[in-house]
Amino acid sequence: MSIDLAIIWAVIIGFGVIMYVIMDGFDLGLGILYPFAPDEESRDVMMNSVAPVWDGNETWLVLGGAGLLGAFPLVYSVFLPALYIGVFLMLAGLIFRGISFEFRFKSHKNRRWWNRAFFLGSAIAAFAQGAVVGAYIQGFTVEDFRYAGGALDWLTPFTVLTGVGLMAGYALLGATWLIMKSEGHVQQWAYTITPKLLIAVLAVFAIVSIWTPLVSPEVYSRWLDQFRLIWVFPVLALLCSGMVYRSVKRQNEGLPFVMALGIFLFTYLGLIASKWPVIVPPNYTIWDASSAPESQLFLLIGFLFVIPIVLAYTAWTYWIFRGKVKVGEGYHH
Amino acid sequence: MELDPLFLSRLQFAFVVSFHAIFPVFTIGLASYIAVLHGLFYKTANQAWDRLAQFWTRVFAVVFGMGVVSGIVMSFQFGTNWSNFSYATSNFLGPVLSYEVVTAFFLEAAFLGVLLFGRHKVPQGVHLFAAIMVAIGTFISSFWILSANSWMQTPAGYELIDRRFHITSWLEAIFNPSFWYRFAHMGMASFLTGGFVVAGVSAWYLLRNRDVEANKKALSMCLWLLLFLTPAQAVIGDFHGLNTLEHQPTKVAAMEGNWETGSNVPLLLFALPDQENQTNRFEIGIPSMASIILTHSAEGVIPGISEVAPDEQPPVALVFWSFRVMVGIGFLMIGVAVAGLLMRRKGHAFKNPLFLKTLVVMIVTPFLAVLSGWIVTEAGRAPWLVYGVMTHAQGLTPSLTGGMALFTLIGYIAVYSVVFVVGVYYLTRVVRNGMLDDSNEIDGEVERPKRPLSAAHTPIDDDLVENATGANAS
């Protein structure tokens, strides 16, 4: 019974993480691209294109944080102390970003300041999340189920690289989202920056792929000794990259975004496959990290109730706000 | 100077949770008020109720939004600074805190949107229903949070296996011995907060002759409400105190400033507790009164602080004085509510500038009372994090250094200062902008329930036209 629950929870948390990464990813990406936009008009379009959805995206972050404490408390009580400074930076970034998002709409005279806060908040949050991924690959110093490392163990050349990599990745998602949601000169701008971002992402992807087996011996053995099927994920991710490039050249509108999502999805699956079933690297599996079965079960009832509602609500929102955002207007209903 | 991560973490948690708490304590009361306004409009079709409901819904949206923003941080605090505690208590606190999140999301997705944006899109009855559901939802949210806190005060329904709490009875754990008292006391505090804020803002409008008819209605209603609720809160607080005496006698001893166990304990009005010498340096009190209040007999024995060793005692002066601030404000509130009743004759309550100005100032008092009440109950259980089982020191993150804690403490103060200043500044603009819905939508604004701030359209940096449009109120 307890084994089944741990796997169910691993699937739920894994699903929540990728939902968050994908959905908050493109709007964080737009924030990162913000200062580079050709004019204030395009910035309006960028912000309007995510206004109806970004708030719901962060739902997954809070749900994930709460779910971890309930289902895999070891993850919660090791990751948060280990990433102490990074978590703070991420939260501060997200808060500034949220506030500037709200008040930019209500502001006429001081928009430039809210623009800056929006960019900085997005960039810091994205970098911190990328560094978290890097720290996860590196693993944590854990003794007796407690984090025993230092304050800045999470900040190494490797995690700086993953941090920058995720910023580039989010920017790529943002640019392709903008291709889908805009038209005219805004869309043309998005078309021109997408290949550049793609190259940046692939460069980081390549370095991380070579470097990862070196920082993590477990990953090394899994990729090179045991489990050859795992290679399907990077191959698929590369295929998606090629498709992003091709669809941008052909000026497709929806395909670049879908393929960019594909890059994220297959990279993520590859990462999980390198670690599974370890959830607190290098030593603890999902079963070591689980809370008591009765607690997992109690919480599962609530999540099974709320996740379909959140999904339905999300789908409905995206459906209502489908279509292009035009220069000089938001969505009006 | 050696930086103490324990002290800094406690300071940080106190700061973050206090900052967060002021928003929900207001929105919980306000949500019920808005539901009542919708109900009155539904029944009487009087436009004044509708105008009030619309105005206060806009205020609700902004405050709710600030509560959400500051709440995100809360869900990570337990792990960053109190990881040993999180790990040990996760079997209970994990699900309970998650259920609060689940409740909040369900509420936002299903009903908040209808309440904030659905006035012209759904039938009036459906709109009223959404308002009621939002009000109930805020209570369910606070139910889970207070259950978690009460369990830490009076842990129940668990067994310790291998340093971790395992739940043996969910019912006993959730409805632990202090839960209902805390829930009632806090629920009432929310109503009082809503009541005093609405009364104060109405008084502010009346002082400026704006929207007189609607604000008179609102103020009158609030004054009746406060007349009954302020004394009721005193009674609930008394029961809560008796419950605390049973389960956490040291906390009550600190509240009373009573060092030695004995009978005929005086009720101290003023004292300077001296923790080092385990006595009060100076005190003025009413003889035997504390014994009478707590045991209903002058000979009643009250436990003293010295029953426990000095290193297991709470910071007495802090608890003692916070308690007096809370109770003092409580009596002040009763006084203002009674004055409101007496001044109703000839409508003085709605005209007398001194009374109206007093009401405006009273807006801050419920927040002060709530925060000092929380200081009493939280500092009063020190050094225990889970009462009698786990101390603050045992719950702290072992890898945390003083420097790390100081860094984030300063960081959170900086972040929250910006949020607070911008938020409160914007709120005052919403109020100054008036009760009429300006409704000239800012370009590109999309109204979403998960972005409650999008329900308020007041610009943040344009010049406001403070239109005294009281004449066309109805």
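Chain B has 14 helices and 6 strands, where helices (H or I, at least four residues) and strands (E, at least two) are DSSP runs numbered from the N terminus. The model is predicted: local features need pLDDT of at least 70, side-chain atom pairs count only at pLDDT 80 or more, and totals for chains, interfaces and linings use all residues. Residues are numbered from 1 along each chain as its sequence is written, chains are lettered from A and ligands numbered from 1 in the order in which they are written, and side-chain values use heavy atoms, with hydrogens and water left out.

**Exercise 1. The overall form of chain B**

Task: Find out how the radius of gyration of chain B fits that of a compact globule.

Solution: 
- Start with the rule: 2.2 Å times the number of residues to the power 0.38, with the radius taken over C-alpha atoms.
- Next, look at the box: along the principal axes, the C-alpha atoms of chain B fill roughly 65 × 50 × 45 Å.
- Finally, check burial: 60% of the 474 residues in chain B are buried (under 20% relative accessible area; exposed is over 50%, partly exposed in between; 1.4 Å probe, protein chains only).

**Exercise 2. A hairpin in chain B**

Task: Describe how strand 1 and strand 2 of chain B pair.

Solution: 
- Strand 1 (residues 158–161) and strand 2 of chain B run antiparallel, with 4 bridges; pairing requires that DSSP finds at least two bridges between two strands.
- One bridge joins Ile161(B) to Arg164(B) in strand 2 of chain B.
- The two strands form a hairpin with 2 residues between them, and Asp162(B) in the turn has a positive phi of about 60°.
- Now follow the side chains of strand 2 (residues 164–167): Arg164(B) and His166(B) point one way, Phe165(B) and Ile167(B) the other, and all are buried.

**Exercise 3. Backbone angles in loops**

Task: Locate Phe145(A) and Ser288(B), then decide whether each is buried, partly exposed or exposed.

Solution: 
- Phe145(A) sits in the loop between strand 1 (142–143) and strand 2 (146–147) of chain A, and its phi is near 65°, positive in a residue other than glycine.
- Phe145(A) has 29% relative accessibility, so it counts as partly exposed.
- Ser288(B) lies in the loop between strand 4 (279–286) and helix 9 (289–295) of chain B, and its phi is also positive, near 65°.
- Ser288(B) has a relative accessible area of 14%, so it is buried.
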